[in-house]
Amino acid sequence: MSRTYIIKDNSVENRLFLNRIIVAFVIILLLTSALIVRLVYLQIVGHEHYSSLAKDNSIKIKPLVPTRGMIYDRNGKILAENMPSYSLELIPEQIKDLDDTLKRLQKLLNIPDEKIQQYHKQRKREKRFASTPLLMNMTEEELAKFAVARPFFPGVDIQVHLARHYPYADLASHVVGYVGRINETELKTLPVAEYQGSSHIGKIGIESSYEAQLHGKTGYAEIETNAQARAIRTVNAVEPTPGANLYLTLDIDLQKTAYDALDIYNGAVVAIDVKTGGVLVFASRPGFDPNPFVVGISNGAYQALNSSDSRPLYNRALRGLYPPGSTLKPFVGLAGLEYNAIGTQHRIFCPGFYQLPGVSHRYRDWKKWGHGSVNLNDAIMQSCDVYFYSLASALGIDNMHDFLQQFGFGEKTGIDLVGEKAGLMPSRDWKRRQRNQSWYPGETIITGIGQGFTQVTPLQLARAMATLANKGNIVTPFLVDKIVNADSTTHGPEIHKGTLPVKQENINSILTAMVNVVHGERGTAKIIGRNISYQIGGKTGTAQVFNIKQDAKYNENEIEFKLRDHALFIAFAPADDPKIAVAVIAENGGHGGSVAAPIAGKVIKQYLESDNEN
Amino acid sequence: MRTETRREQFEPPSALGNLLRKLHIDVPLFITLSLAAMVSFVILYSAGSQNMGVLVRQAARVGLAFGLMTLLAHVNPYQFKRYSAVLFSLGILLLIAVLIMGQIGKGAQRWLDLGFFRFQPSEMIKITTPMMIAWYLSEHSLPPKWKQLCIAAVLIVVPTLLIAKQPDLGTALLVASSGAGVLFFAGLSWLFILAIIAILASLAPIVWHLMHDYQRDRVLTFLNPEADPMGRGYHIIQSKIAIGSGGIYGKGWLGSTQSELDFLPESSTDFIFAVFAEEFGLFGCVGLLILYLLIIGRCLYIASQAQDTYSRLLAGSLSFTFFVYVFVNIGMVIGILPVVGVPLPLISYGGTSIVTLLAGFGILMSIHTHRKLLPN
């Protein structure tokens, strides 16, 4: 066995170490000299240059704020613009007695106490010589009053700047969104340089999703000022680049038709161009006026909006989750054909209820005495529940889940708006993961008619409808068609299309059945099929808001409006060459056929008729 | 043969000398460090807009730091050596813990919240890394061989990467240089040092690729600050204006206009040297650099007098790292180095960095005051 011993030669180590200490000290001296040389350069050679730069208030760098891009609809109508706005601003350092000045201003212009407090709060955040606004969006009267009294208010001035204005107010508030003052959380994550001097930022909707494009690039000016902080001349300036103008696929006139057609109902209408995926209508009712948010909405007004039962701030088209009800049936029917669970001529006898073998529970049809013998076409046209209970049972939840997911149920559509909800397409796996429960056969049955766990957004429904009408070519909805910069034009988002692996003949059978819903003798939406020169395909739906007890009677006159069923309708037109797909949800509307279908009918009519004119 | 008793016969013990010996305090180091702390108070009063609250908080930290320094000076260096590996491993574990917590909390995380106070493991690793490497190398003969170099390299790279990932480039740099310092004093061959420099230079593009956007911004801004005067370049431009306008004699205490008018950002922390340079001019700057050189000189002297390999390597590395601190901060403020978040040691406001720094000086004092008197 051998062992290694560490033999240390102490004198060598000593010499080596002392050597290194000396070298280290020499390096340190050299580097320190480098620092001193640089200091000499800055403080002696460059002293005069830097002194002139530093001389009390000599050169200040002032950000030049870019003009925010405009937002237009598909026909060039203005949805968001910039209007001159006058604000009263104070430079505290030039005011001898701030409290006295504020008191006199308050008296002159009748400023509420709340504004004064807001002013004090904001002033603390600003830099010392910055001017802080006291009043925004001044009226002509206020302007005139102050103009007369101005000599008595040194350090107080009127500033003109551009403020965002939304001419259509509540009509497109959810989709266009609004800008508001940058808050402290946003300040932390924003690029400091880009937002020097910018006071507003997109909060929701397109204004928020396309903030980067709309904002533009901040420029700056180096300004020489005198001791009183007055600008003498601009030494050097880099002009700001204005934000890009956005052209949406939205048709604001069509949006108005849809919004007005919803009338007394809360709800949403989404219409999509089947060929491109461009969103034509994105209406959520009730809307709200976004203009007060720009200047800073008062606390009371905000609370009123926020606590209203009808939830106007809620974007139902994008985030509203509803059971699809019978509007899911065409897709379930297609699944049946694709999985060979049924043929188009397969018939079922509907006695008005459905029972699972060996279970006494009756799944009721909406038609108490039943539809009799029905095939797929009849079942879709008359919206027979029993047919789809039976089909769902034959397909099983796994097949249904996998097939319907392809149409985008349970997934975000990928529209260019932030905050989209994914909805829910239930599966065995989901229930085990989320609820730690096994799947029950009864849940499969009701999934077949769009009840149970399934939840969809109006946007998802419209998208699924468009994909079906587009013969299985996947449609991805988008809102921004063109981004027009000062020097270039970019077209809307790249759309990754694909085609679903579904047989054309099967799709055609379903679309034909949907045409019969509107034009067939016994169709559930035949009231909109009269007196039109083209054919519409559609499907009505009714989504239960609350469960009815077994054998209990549902009498809509007796129950409270709030608990009435939601009315749904999906449609496409014209049937021979689909151009538009629509989804309508009228909350508590009761019947899809009588309430939701006419709304879709109006939208389709206006779109196809104006289309023919062009 | 000289013994302690005989020495006392030659130098009659004064009451103060006795006290200092009992306190294990190195007088020259103590005086220069106290001077630096005073400079810190003077300049903070000005840079912090004459806010007494700032001074009080800084005084509390400095007091704590001097306390810790005295405490560590009492510990026998043998104990540092003995626990080097344990302390280093503990530091690495804490760094990993911080990183994992940061990933859970989504975002940069440097702190470990211990309830009653927040602890920054990267500060601890600044001292334990050189301790670990000094211990490892001192167990072998010097200069280090290939195998030892490879292991030492791993011991440096692991904590450096963990800290860079936080991301805290400044501290990562200091940890790496403290480890490299040990290797340098251990007698790493010059050929090898040149080779490492060459390799690092060729790695630059890869590092560039791995950097965070904001880190890249800083480098780009350093290369051309005027390209972005509203954003990243603002710090450096304003800092140069403040320093340059100070001239030879400066504008006098409380006379800085740039930090007063809020042109100079972070004037109390990383950019405090710019305020100092504006108020005290070239003379003041050179004076401050001389003070730093005195501290470093004394530290290197202590290293040269250390009696065992571990103490020497550790003392040498701690001294060298202190200089890196000074050089990186001042270099960045005067615009010859990119902006990395390193405070001016002993002077900048806040941070736990002053506690760690003085802990390092405590170890140096321990090394010096625990020497055994050997025969000449």
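Start by selecting chain B, which has 14 helices and 2 strands; helices (H or I, at least four residues) and strands (E, at least two) are DSSP runs, numbered from the N terminus. This is a predicted model, in which local features need pLDDT of at least 70, side-chain atom pairs count only at pLDDT 80 or more, and totals for chains, interfaces and linings use all residues. Residues are numbered from 1 along each chain as its sequence is written, while chains are lettered from A and ligands numbered from 1 in the order in which they are written.

Of its 376 residues, 47% count as buried (20 or more other C-beta atoms within 10 Å of a residue's own, with C-beta atoms placed from the backbone).

Next, go to helix α14 of chain B, residues 353-369, and pick out B:Met365. B:Met365 counts as buried because 26 other C-beta atoms lie within 10 Å. Leaving aside residues up to four places away in sequence, B:Met365 touches B:His24, B:Ile25, B:Asp26, B:Leu29 and B:Ala73 (contact means C-beta atoms, placed from the backbone, within 7 Å).

Last stop: show both chains. Their contact takes 39 residues from chain A and 43 residues from chain B. On the chain A side, the elements giving two or more residues are α1 (10-45), α2 (47-54) and β1 (59-64). Select α1(A) here, as it gives the most, with 19 residues.

Key: Buried ≥ 20, exposed ≤ 12 C-beta atoms within 10 Å, placed from the backbone. Contact = placed C-beta atoms within 7 Å.
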